[in-house]
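The exercises below go through one structure step by step. Try each task before reading its solution.

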Amino acid sequence: MADVSRAKGDITGHPDVSEMRERYARMMDARDVVFLDGPVLLAGLYFAISPWVVHFSGTSPNLMVNNLVLGIAIALLGIGLTTAPRRMYSLCWAMSAIGVWMIISPWVVARGPDIGMIVNNVVVGAVTCLFGLIAAGMVMRKGRET
């Protein structure tokens with residue numbers, strides 16, 4: 001039977017303590033833009049439902065489909081940033097490009113966009129582009145440090 005009388009939480013005597021510390025440091029090193037995961041996911045989810053929130057799903061079905069598809073794509077990027085950050089940070093530039101497309105899409109996709117469509121897409125597109133640029137800047141800074 002194992003001796004469990006030792007103090008809990010003290011692993012200094014563990015034979016693999018140095019390896020565990022190195023693994024923990026590597027894991028935390030990959031999570032340098034952890035504050036972006038949730039906001040990117042929320043921005044994507046909002047953009048996906050925005051045609052129904054701003055009430056232009058019936059008047060501009062092309063823009064509705066555009067916003068739905070891009071919103072799902074951005075939400076998937078947010079989930080990817082959470083689950084596989086090292087792989088997904090290389091897509092930060094794509095997130096910035098999608099943000100730019102979100103900004104100009106009311107004039108390209110919709111016929112005669114109203115002010116609600118324009119404001120919605122410009123604000124969420126600018127936020128998405130900003131998130132992409134912040135994450136890309138962190139990736140570039142990280143690359144210079146190594």
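**Exercise 1.** At what angle do the axes of helix α2 (residues 37–53) and helix α3 (residues 61–83) cross, and within what distance do they come?

Solution. This is a predicted model: local features need pLDDT of at least 70, side-chain atom pairs count only at pLDDT 80 or more, and totals for chains, interfaces and linings use all residues. Residues are numbered from 1 along each chain as its sequence is written, and side-chain values use heavy atoms, with hydrogens and water left out.

Step 1. The axes of α2 and α3 cross at roughly 165° and come within 7 Å. Axes are lines fitted to C-alpha atoms, for helices over the stretch in contact, and angles run from 0 to 180 degrees between N-to-C directions.

Step 2. α2 is therefore roughly antiparallel to α3 (the term applies to angles over 145 degrees; under 35 is roughly parallel, 65 to 115 roughly perpendicular and the rest oblique).

Step 3. The crossing of α2 past α3 is left-handed, meaning that the near helix is turned anticlockwise from the far one by less than a right angle; clockwise would be right-handed.

Step 4. In the contact of α2 with α3 there are 16 nonpolar residues, six polar and one charged. Ala, Val, Leu, Ile, Met, Phe, Trp, Tyr, Cys and Pro count as nonpolar, Asp, Glu, Lys and Arg as charged, and the others, Gly among them, as polar.

**Exercise 2.** Describe how α3 packs with helix α5 (residues 92–109).

Solution. Step 1. The axes of α3 and α5 are 11 Å apart, at an angle of about 170°. This makes α3 roughly antiparallel to α5.

Step 2. Residues of α3 that meet α5 include Leu70, Ile74 and Leu77, and those on the α5 side include Met95, Ile98 and Trp101. Contact means heavy atoms within 4.5 Å.

Step 3. This contact of α3 with α5 has 11 nonpolar residues, three polar and no charged.

**Exercise 3.** Is asparagine 120 buried or exposed?

Solution. Step 1. Asparagine 120 belongs to helix α6 (residues 115–145).

Step 2. With a relative accessible area of 7%, asparagine 120 is buried (under 20% is buried, over 50% exposed, and in between partly exposed, with a 1.4 Å probe and protein chains only).

Step 3. Leaving aside residues up to four places away in sequence, asparagine 120 touches Tyr46, Phe47, Ser50, Val54, Phe56 and Asn67.

**Exercise 4.** Which residues does phenylalanine 131 touch, not counting those up to four places away in sequence?

Solution. Step 1. Phenylalanine 131 also lies in helix α6, and at 15% relative accessible area it is buried.

Step 2. The residues touched by phenylalanine 131 are Leu36, Pro39, Val40 and Met95.

Step 3. Between phenylalanine 131 and glycine 99 there are 9.0 Å, C-alpha to C-alpha, although they are 32 residues apart in sequence.

**Exercise 5.** Where is histidine 55 found?

Solution. Step 1. Histidine 55 sits in the loop between α2 and α3.

Step 2. Its relative accessibility is 66%, so histidine 55 counts as exposed.

Step 3. The phi of histidine 55 is near 65°, a positive value in a residue other than glycine. Most residues other than glycine have a negative phi.

**Exercise 6.** How many helices and strands does the protein chain have?

Solution. The protein chain has six helices and zero strands. Helices (H or I, at least four residues) and strands (E, at least two) are DSSP runs, numbered from the N terminus. Of its 146 residues, 35% count as buried.
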